[in-house]
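Dear colleague,

Here is the structure that I promised to hand over to you. Please look at it first, and then read the notes below it.

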Amino acid sequence: MRRAAILLGLPLSALVLGAALLSLVWTPGDVTALDIPARLQPPSSAHWLGTDHFGRDLLSMVMVGARASLMVALVAVGLGLLLGVPLGLAAASRAGGPLDELVMRTNDLIFAFPSLVIAILITALAGPGALNAILAIGIFNIPVFARVTRGAALPLWRRDFILAARLAGKHRSRISAEHILPNLIPLLIVQGTIQISLGILAEAGLSYVGLGAQSPLPSWGRMLAEAQTMVALAPHVALVPGAAILLSVLGLNLLGDGLRDHLDPRLRPARA
């Protein structure tokens with residue numbers, strides 16, 4: 001099962017990443033060029049995935065949309081890692097103290113609100129755009145990584161090699177950086193893949209309501225929003241971006257599950 005998840009998730013994730021990178025240098029058509037006579041054409045040799053209501057090539061739009069979705073998701077997750085992991089390490093090093101309580105109660109406060117609703121509120125107040133979408137999604141990645149890091153670090157502080165480091169006179173912050181963090185990297189990698197998939201969904205949701213990446217940059221969520229009134233007339237216009245979101249999220253989740261089973265030694269006997 002572990003191998004199957006990785007073998008299926010890795011190609012799907014690589015396909016999305018490859019499409020995003022390829023769009024930087026080449027797309028089958030110009031996503032900003034309108035061709036009204038060719039509007040709503042079904043998939044053909046000229047347009048492999050068909051055209052939208054403006055005659056734009058859907059394959060090109062999906063490729064550029066992958067770039068927008070991955071950029072928002074990756075930067076937002078990077079923001080969560082950059083701020084959440086140090087907070088989690090600091091809280092674990094002072095377990096039960098004021099800093100630990102402050103970090104965890106702040107996390108509880110953020111988790112008390114639906115993340116997508118608050119992200120919509122933030123982008124509505126700050127204005128639509130990819131940068132504000134990154135900030136809105138990144139804010140909710142911070143407590144996720146802080147909680148995961150703290151939960152995984154707490155048992156390590158009771159291990160013999162950590163006690164030996166403390167007896168050697170090392171400061172708690174140095175122990176966290178040199179001994180705790182390296183043991184958490186596999187867990188953070190797995191959590192990162194899951195958060196990237198959630199970030200893609202969040203970016204699509206923000207774009208769907210007009211608060212994500214703005215025109216002329218295509219976005220999967222906005223493509224779905226524009227296609228919702230044409231499903232009966234040209235279903236491929238909605239199916240193409242929907243399938244892109246489905247495959248990217250499925251691939252990342254499968255890859256995360258496979259990596260978790262592969263990197264976590266506690267799960268290996270159960271999977272044997």
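L21 lies in helix 1 (residues 2-22), where helices (H or I, at least four residues) and strands (E, at least two) are DSSP runs numbered from the N terminus. Please bear in mind that this is a predicted model, in which local features need pLDDT of at least 70 and side-chain atom pairs count only at pLDDT 80 or more, while totals for chains, interfaces and linings use all residues. Residues are numbered from 1 along each chain as its sequence is written, and side-chain values use heavy atoms, with hydrogens and water left out.

The chain has 10 helices and zero strands, and its C-alpha trace spans about 75 × 45 × 30 Å along the principal axes.

The axes (lines fitted to C-alpha atoms, for helices over the stretch in contact, with angles from 0 to 180 degrees between N-to-C directions) of helix 7 (residues 172-208) and helix 9 (residues 236-263) come within 8 Å and cross at roughly 165 degrees. Helix 7 is therefore roughly antiparallel to helix 9, a term for angles over 145 degrees, whereas those under 35 count as roughly parallel, 65 to 115 as roughly perpendicular and the rest as oblique.

Best wishes
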